[in-house]
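Hello,

Here is the structure I promised to pass on. Please have a look at it first; my notes on what turned up follow below.

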Amino acid sequence: MDSQETVALCLPVYDRVFPKAWFAQAQMVAELARIIPKENLQFYKVRGLPQPHAQNFLFSSVLLMTREYGVEAVIPPGGKRADWILWVEHDSCPPADMYRLLRDKADPVERPVMHGLSFDKVFPFAPSIWRAKTDGKSIEPIWDWQDDTMYRLAHSGTCGCLIHTTVFDRIKRPWFRMRPSEPGMPGMIPCISLSRRMHEANIPIYGYTGCIVSHLGDENEVNGVVSRKAYQMSQRHAQKR
């Protein structure tokens, strides 16, 4: 991990922020400030913009773009472009050392996109890391994921991830779009369109299960334990039918 790299922390806020997420993200920020010189750390936060506009706005800000969806971009102090974007969504609880965990596995060229492991907020709480099915036309969650393992992915949710900024020089805009579901493909979430853009540009997507980012729902915190138990329950129910 190079302490001279510039890191832009992006915290999009689409809805209310749970106290548990706030405290987890505060601990992460404190750890970032400890290991990264202040001149190499940028911070971005936006409220009031729905998906996918908030994503486009934040990424445009980091990359010194002038406009995206008619919103003026925020120019970092001194106009210095970040090397990495550390992305954490408002309802997510990252580990304090999230940046170190993902950066140790990432590489600017070979593995420029590294996701932490998160989960859907609705039953059966599927893991956010997806692989291609054998038919090559659809994708499925990696339910049998193993601890402390890196996977090459077809898609991942964006609760918590690390992306090298050169990725956005190579993919088409808009980077995020809302789109309807298709057979075998989850839809109506902008991170799907981002994954597609990356695949079109032959950019590999990876996920690392050693970095678990809990996802907060209205009544529960979804982590690896909850997801695995829910999957086992759904499998038992399917066998009885």
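**The sheet**

Strand β8, residues 129–132, pairs with β9 in the antiparallel sense, and three bridges join the two. One of the residue pairs to look for is alanine 132 with its bridge partner in β9, isoleucine 139. Please keep in mind as you browse that this is a predicted model.

Stepping back, the open sheet has three strands in the order β9-β8-β11, with antiparallel pairing. The edges are taken by β9 (139–141) and β11 (155–156); each has a single partner strand, so one side of each is left without a neighbour in the sheet.

**The helix α1**

Next, turn to α1, which covers residues 19–35. This helix of 17 residues reaches 25 Å from its first C-alpha to its last, close to the 24 Å expected at 1.5 Å a residue. Which residues of α1 are buried? They are Ala21, Ala24, Gln25, Met28 and Leu32. Looking down the axis of α1, you will find these buried residues within an arc of 95°, so they line one face of the helix. An α-helix has 3.6 residues a turn, so residues three or four places apart point the same way. On the other side of α1, Pro19, Phe23, Gln27 and Arg34 are exposed.

The average pLDDT of the chain is 79, and 74% of the residues score at least 70. Residues 63–77 have a pLDDT below 50, and this stretch has 38 contacts in the model beyond near neighbours in sequence. Where pLDDT is low, the predicted coordinates should not be read in detail.

Best wishes

Note on methods:
Residues numbered from 1 in each chain as written. Predicted model: local features only at pLDDT ≥ 70, side-chain atom pairs only at ≥ 80, totals over all residues. Heavy atoms only, no water. Helix = DSSP H or I, 4+ residues; strand = E, 2+ residues; numbered from the N terminus. Expected span 1.5 Å × (residues − 1). Buried < 20%, exposed > 50% of the residue type's maximum accessible area, 1.4 Å probe, protein only. Arc of directions from axis to C-beta. Pairing = 2+ DSSP bridges. pLDDT = per-residue confidence, 0-100. Contact = heavy atoms within 4.5 Å.
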